[in-house]
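Subject: Structure for your review

Hello,

Please find the structure below, with notes on what turned up in it.

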Amino acid sequence: MMHIITGSARGVRLETLPGEATRPTAERTKEAVFSMLQFDLEGRRVLDLFAGSGQLGLEALSRGASLAVMVDRAREACAVIRKNAEKTKLISRTKILSLDANAYLASCKDGPFHLVFLDPPYAAGLLPSVLRTLLARELLAPGATVVVECGDPQDLFGGDVELPTRYEIIKNKRYGAAHVFFLSPAQRKEEL
């Protein structure tokens with residue numbers, strides 16, 4: 001059973017989508033991710049791009065983030081996110097959109113974001129295009145953190161030869177079948 005770990009909504013149990021269509025981040029993985037982020041959330045703008053139940057964005061809000069934009073193409077997932085946001089009393093700082101990830105990024109006016117969660121369906125091949133678009137549209141604030149969960153480390157950059165030069169891998173760890181990467185946009189030479 002998923003719940004909010006700490007903060008203003010500590011202990012609130014979250015609903016999930018029934019069936020196998022959505023694979024929620026495991027509680028152990030979520031705890032590890034947020035123990036690494038714990039001192040870097042106050043006042044931050046968060047994007048949870050493949051939001052599912054909204055648990056990652058809501059956890060960030062519970063810990064002091066100022067806004068969480070949660071995007072999922074499944075209307076059913078967005079309905080669950082809304083229920084969870086209301087249940088945690090974090091709805092006023094939540095923006096929920098039922099859109100395809102790339103469609104959202106192509107027209108996004110909510111950025112820049114300080115923290116981005118990317119947990120797309122494993123093996124869907126979505127990470128490289130999303131990572132490129134975040135940079136191209138300047139949707140990442142200076143010093144932003146991008147937390148990526150994927151099934152295979154090769155999926156992170158998907159063979160794109162430029163992406164490893166555009167993002168610095170700060171941390172990576174394996175939790176069961178999940179590989180979690182903490183990325184930060186690399187500073188370009190012209191920015192130094």
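Contact here means heavy atoms within 4.5 Å, and buried means under 20% relative accessible area, with exposed over 50% and partly exposed in between (1.4 Å probe, protein chains only). Helix α1 covers residues 27-37, and its buried residues are E27, T29, K30, A32, V33, F34 and L37.

This is a predicted model, in which local features need pLDDT of at least 70, side-chain atom pairs count only at pLDDT 80 or more, and totals for chains, interfaces and linings use all residues. Residues are numbered from 1 along each chain as its sequence is written, and side-chain values use heavy atoms, with hydrogens and water left out.

Overall fold. The protein chain has six helices and seven strands, in the order α-β-α-β-α-β-α-β-α-β-α-β-β along the sequence. Helices (H or I, at least four residues) and strands (E, at least two) are DSSP runs, numbered from the N terminus. Of the 192 residues, 49% are buried. Among contacts with a separation of 6 or more, 68% are between residues 24 or more positions apart.

Cores. A nonpolar core is a set of buried Ala, Val, Leu, Ile, Met, Phe, Trp, Tyr and Cys residues joined through side-chain atoms within 4.5 Å. The largest one has 30 residues, of which L47, L49, L118, L131, L134 and Y167 touch the most other members. Two or more residues each come from β2 (67-71), α4 (101-107), β4 (113-118), α5 (127-136), β5 (140-150) and β7 (178-185). Leaving aside residues up to four places away in sequence, L49 touches V71, D72, A101, Y104, L105, F117, L118 and V130. A second, separate core of 29 residues includes L56, A60, A85 and F182.

Backbone points to check. G111 and P112 are joined by a cis peptide bond, with omega about 0°; P112 sits in the loop between α4 and β4. Two non-glycine residues have positive phi: K89 at about 60° and E138 at about 55°. K89 is in the loop between α3 (75-87) and β3 (94-97), and counts as exposed at 71% relative accessibility. E138 is in the loop between α5 and β5, and counts as exposed at 67%.

Regards
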